[in-house]
Amino acid sequence: MEGEYEKSASVKTPLIVDDREKQSLFNETRNNNGGFSKEQIVEEVKKQVWLAGPLVSVTLLQFSLQLIAIMFVGHLGKLPLSGASMATSFTSVTGISLLMGMSSALDTFCGQSYGAKQYHMLGIHMQRAMIILSLVSIPLAVIWGNTGPILKLLGQDPSIADEAGHYALYFIPGIFAYGLLQCVVRFLQTQSIVIPMVLCAGITTLIHILICWILVFKSALGGKGAALASSISYWLNFLFLALYVKFSPSCAKTWTGLSKEALKDMLTFIRLAIPSAIMVCLEMWSFELMVLLSGLLPNPQLETSVLSICLNTAATVWMIPFGLSAAISTRVSNELGAGHPQIARLALYVVLAVAVTEGLVLGLVMILIRNLWGYAYSNENEVVTYIATMMPLLAASNFMDGLQCVLSGAVRGFGWQKIGAIINLGSYYLVGIPSAVLMAFVLHIGGKGLWLGIICALLVQVLSLLFITMRTNWEQEAQKAQERVEETTLAVEALY
């Protein structure tokens with residue numbers, strides 16, 4: 001069996017090079033006066049496509065769970081749809097984004113430990129993250145349980161708030177599953193084990209459709225059934241991956257069983273998880289805030305509808321650079337942990353080139369279909385025309401969002417989450433949102449002004465991230481990564 005893994009380009013083959021390959025690479029690099037050969041670049045592109053392609057699929061499939069649930073609820077009427085949509089937005093802001101951000105600390109810990117061949121530490125890091133995220137989910141569940149009163153306090157329509165409150169209540173089991181799921185995904189991602197994640201997510205999505213149909217249409221739960229279906233599907237996805245980790249030989253070295261060592265040194269994880277969460281939350285919250293601000297503009301129904309469509313479009317397109325982000329996070333953390341700083345540098349240059357190409361191609365497509373895209377959401381000429389004028393701005397924001405996404409992935413690979421959090425705070429809340437308010441409400445540009453504010457934030461974010469990554473001392477970062485691995489490496493004492 002082991003021979004088969006070596007011969008094939010399977011998910012079990014590490015995307016890092018051994019010491020002989022490393023020496024050959026460095027010798028060839030010196031012969032090229034510090035540059036990289038065509039063969040090295042092509043090989044790196046292959047590795048990143050192998051990682052990013054499946055990760056994009058995984059992200060889309062997991063994203064589709066709540067989208068499918070809302071589509072089923074939409075057939076029940078306007079009120080259930082409004083409540084489900086509001087609940088989805090509320091739970092995303094108050095829980096999903098936080099857990100996603102905290103789990104991304106594993107990009108650093110697991111990725112660098114894997115590169116340093118401290119394989120047993122991946123399981124310990126994952127268990128530690130699971131414990132912490134499960135504890136964090138408890139107060140989040142309390143918040144979700146009071147969604148209705150909170151939304152009423154914020155001035156939302158009482159009937160919609162009540163409907164959202166019921167939806168969020170039945171989604172509470174899902175928050176615990178989501179946190180655990182994200183930990184397993186990072187654990188596998190940092191080992192470049194991606195195909196099983198695609199298969200498990202695909203199977204879960206198919207089962208989810210059936211569960212939604214039963215609970216929404218064939219039970220008395222209605223809209224609440226869709227929320228419960230999402231909770232069940234998150235648990236199923238987690239259990240599928242957990243069984244894979246438990247029984248697959250590809251995880252034999254990285255999963256050595258439950259260990260009490262996971263209970264030690266939790267502050268080390270928390271110190272990186274908090275800025276990781278801040279990085280993600282500050283960005284996601286700013287986009288949600290744009291939709292809320294659109295409700296204060298003249299003709300709020302049109303503005304909110306168009307901004308919501310723009311946000312949904314941007315979120316869907318964002319799945320592609322998010323896959324690239326996960327890939328570069330894995331490549332950089334693996335290679336720094338392995339002591340290969342120049343290969344990590346090559347990986348960053350390659351992903352930037354891929355992100356630029358992807359952004360230009362998608363941007364061109366968005367501009368070409370600008371007069372048609374609105375019909376996918378509405379038959380009203382006013383909405384379709386407004387969306388057509390927004391599409392060039394969406395193309396520009398998508399281009400810069402792709403760049404910041406891959407640069408943020410590299411930041412996680414380095415372990416620079418604190419720096420990333422500071423950059424995001426300045427970009428979105430000192431530049432982006434004030435610029436959006438100025439252009440929308442003072443200069444009266446309307447919804448386009450709000451999106452121009454987002455573009456300003458993305459521009460500052462990209463330039464800041466480019467500045468710090470281009471000035472990186474790669475050898476020094478490799479040394480820091482190895483020191484971090486040494487500081488967090490523990491002996492394994494399994495509980496079973």
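**View 1. Glu-335 and Arg-331 sit four residues apart in helix H14, a separation of about one helical turn.** The model is predicted. The two side chains form a salt bridge, and their closest N and O atoms are 2.9 Å apart. Is this pair buried or exposed? Both Glu-335 and Arg-331 are buried. Arg-331 has a relative accessible area of 0%. Salt bridges with shared partners link Glu-335, Arg-331 and Glu-44 into one network.

**View 2. Glu-44 meets Arg-331 in a salt bridge.** The N to O distance is 2.8 Å. Which helices hold the two partners? Glu-44 lies in helix H3 (residues 38–74), and Arg-331 lies in helix H14 (residues 319–337). The pair therefore ties together parts that are 287 residues apart in sequence. Glu-44 is buried, at 2% relative accessibility. Arg-331 is buried too, at 0%. This salt bridge is one of seven counted in the model.

**View 3. Asp-107 and Arg-186 pair through their side chains.** The salt bridge spans 3.1 Å, N to O. Asp-107 belongs to helix H5, and Arg-186 belongs to helix H9 (residues 172–189). The pair thus ties together parts that are 79 residues apart in sequence. Asp-107 is buried, with a relative accessible area of 0%. Arg-186 is buried as well, with a value of 4%. Side chains of opposite charge can pair when their charged atoms come close.

**View 4. Cysteines: the disulfide count is zero.** Cys-110 takes part in no disulfide. How far is the nearest cysteine sulfur from that of Cys-110? The nearest one belongs to Cys-183 and is 8.9 Å away. Cys-110 is buried, with a relative accessible area of 0%. For Cys-405, the closest cysteine sulfur is in Cys-281. That distance is 15 Å, too far for a bond. Cys-405 is buried, with a relative accessible area of 5%.

**View 5. Five residues make a nonpolar surface patch.** They are Leu-76, Leu-210, Trp-213, Ile-214 and Phe-217. The patch covers about 440 Å². Where does Phe-217 lie? Phe-217 is found in helix H10, which spans residues 195–217. Phe-217 is partly exposed, with a relative accessible area of 34%.

**View 6. The chain is divided into two parts, domain 1 (37–263) and domain 2 (272–495).** Their centres, taken over C-alpha atoms, are separated by 20 Å. How many residues does each domain give to the contact? Domain 1 supplies 47 residues, and domain 2 supplies 46 residues.

**View 7. Ala-116 lies in the loop between helix H5 (105–115) and helix H6 (120–145).** Ala-116 is partly exposed, with a relative accessible area of 24%. Which residues does Ala-116 touch, leaving out those up to four places away in sequence? Its contacts are Gly-337, Ala-338 and Val-485. Ala-116 and Gly-339 are 223 residues apart in sequence. In space, their C-alpha atoms are 7.5 Å apart.

**View 8. Ile-138 is found in helix H6.** Ile-138 is partly exposed, with a relative accessible area of 47%. Ala-440 is 302 residues away from Ile-138 in sequence. Their C-alpha atoms are 38 Å apart in space.

**View 9. Ser-192 has a positive phi, near 65°, in a residue other than glycine.** Where is Ser-192 placed? Ser-192 is in the loop between H9 and H10. Ser-192 is buried, with a relative accessible area of 0%.

**View 10. Asp-265 also has a positive phi, about 55°, although it is not a glycine.** Asp-265 occupies the loop between helix H11 (223–247) and helix H12 (266–294). Is Asp-265 buried or partly exposed? Asp-265 is partly exposed, with a relative accessible area of 39%.

Methods: Residues numbered from 1 in each chain as written. Predicted model: local features only at pLDDT ≥ 70, side-chain atom pairs only at ≥ 80, totals over all residues. Heavy atoms only, no water. Disulfide = S-S within 2.5 Å. Buried < 20%, exposed > 50% of the residue type's maximum accessible area, 1.4 Å probe, protein only. Patch = residues over 30% accessible without salt bridge, like charges linked within 9 Å, V, L, I, M, F, W, Y side chains within 5 Å. Areas by Shrake-Rupley, 256 points an atom, 1.4 Å probe, with all protein chains shown as cover. Salt bridge = Lys/Arg side-chain N within 4 Å of Asp/Glu carboxyl O. Helix = DSSP H or I, 4+ residues; strand = E, 2+ residues; numbered from the N terminus. Domains from an automatic or database assignment. Contact = heavy atoms within 4.5 Å.
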